[in-house]
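Colleague: I am new to this one. Can you walk me through how to read it?

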Amino acid sequence: MRGRSELGVSVLLLLVGVLVLSDTLTMETAANQRGPVGPRTVPVVVGVSLLVVAVVLALDVLRGGRGEGDSGEEAGSEPADWRTVALLAGIFLASAALIDPLGFPITGALLFWGSAYALGSRNLTRDPLIAAVLSMATYAAFNTLLGVPLPGGPLMGVL
């Protein structure tokens with residue numbers, strides 16, 4: 001099994017696909033939400049796609065296929081940047097914890113700004129402005145265009 005670490009990715013995809021399908025198939029929907037394309041359609045497509053990709057990847061690995069790095073790059077030639085991974089994970093977890101009390105516009109801006117910072121951007125005037133615009137545009141698109149209400153937090157009366 002040495003050199004077949006891609007099987008781990010295949011197992012992970014398989015588990016996520018099973019989880020998505022089991023959650024989707026046990027999801028309760030109201031009769032008025034059903035139609036030719038209901039709330040279960042996209043999750044079923046995603047879950048089945050995950051299962052198909054997991055099986056195809058496993059078969060490829062078992063037949064000797066290997067993932068290749070970028071051109072001119074050997075696997076393991078650079079050490080992992082755990083600081084960036086930890087910063088991104090912390091930002092994501094903080095966003096999940098803060099979305100209810102602060103709402104999406106503020107939390108989204110912090111998420112975008114924090115992600116840009118973790119990935120190396122250090123422009124302290126441009127980055128927060130872009131993060132705020134992205135967050136507000138995302139909030140407006142979901143609330144207005146898609147009809148998916150996101151928590152507004154303290155800005156609910158202003159927006």
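Modeller: Start with helices: they are DSSP runs of H or I, at least four residues long, numbered from the N terminus. Val 53 has its place in one of them, helix α2. Keep in mind that this is a predicted model.

Colleague: How many helices and strands does the protein chain have?

Modeller: Five helices and zero strands. Along the sequence the pattern reads α-α-α-α-α.

Colleague: Back to Val 53. How is its relative accessibility classed?

Modeller: Buried means under 20% relative accessible area, and exposed means over 50%. Val 53 has 44% relative accessibility, so it counts as partly exposed.

Colleague: How far is Val 53 from Ser 10, in sequence and in space?

Modeller: In sequence, they are 43 residues apart. In space, their C-alpha atoms are 7.8 Å apart.

Colleague: Ser 10 belongs to α1. How do I check the span of helix α1?

Modeller: Take 1.5 Å times one less than the number of residues. Helix α1 covers residues 6–25, which is 20 residues, so it should span 28 Å. Its end C-alpha atoms are 29 Å apart, which agrees.

Colleague: Which residues of α1 are buried?

Modeller: Glu 6, Leu 7, Ser 10, Gly 17, Leu 21 and Thr 24. They cover an arc of only 115° around the axis, so they are on the same side of α1. On the other side, Leu 12 and Leu 15 are exposed.

Colleague: What do the buried residues of α1 pack against?

Modeller: They pack against α2, residues 41–62.

Colleague: What share of the protein chain is buried?

Modeller: Buried residues make up 19% of its 159 residues. Contacts tell another part of the story. Take those between residues at least 6 apart in sequence: 60% join residues at least 24 apart.

Colleague: Now Thr 107. Is it buried or exposed?

Modeller: Its relative accessible area is 4%, so Thr 107 is buried. It lies in helix α4, residues 104–118.

Colleague: What does Thr 107 touch?

Modeller: Leaving out residues up to four places away in sequence, Thr 107 touches Ser 95, Leu 98, Ile 99 and Leu 102. The side chain of Thr 107 also reaches the backbone oxygen of Leu 98, at 3.2 Å.

Colleague: And aromatic rings? How many aromatic pairs does the structure hold?

Modeller: In general, a pair of aromatic rings is described by the distance of the centres and the angle of the planes. This structure holds zero aromatic pairs.

Colleague: Which charged end sits over the ring of Tyr 117?

Modeller: That of Arg 122, 3.8 Å from the ring centre.

Key. Residues numbered from 1 in each chain as written. Predicted model: local features only at pLDDT ≥ 70, side-chain atom pairs only at ≥ 80, totals over all residues. Heavy atoms only, no water. Helix = DSSP H or I, 4+ residues; strand = E, 2+ residues; numbered from the N terminus. Buried < 20%, exposed > 50% of the residue type's maximum accessible area, 1.4 Å probe, protein only. Polar contact = N/O pair within 3.5 Å; in protein donor to acceptor, adjacent residues only side chain to side chain. Contact = heavy atoms within 4.5 Å. Arc of directions from axis to C-beta. Phe/Tyr/Trp six-rings, centres within 6.5 Å; stacked < 30°, edge-to-face > 60°. Lys NZ or Arg CZ within 6 Å of the ring centre and 35° of its normal.
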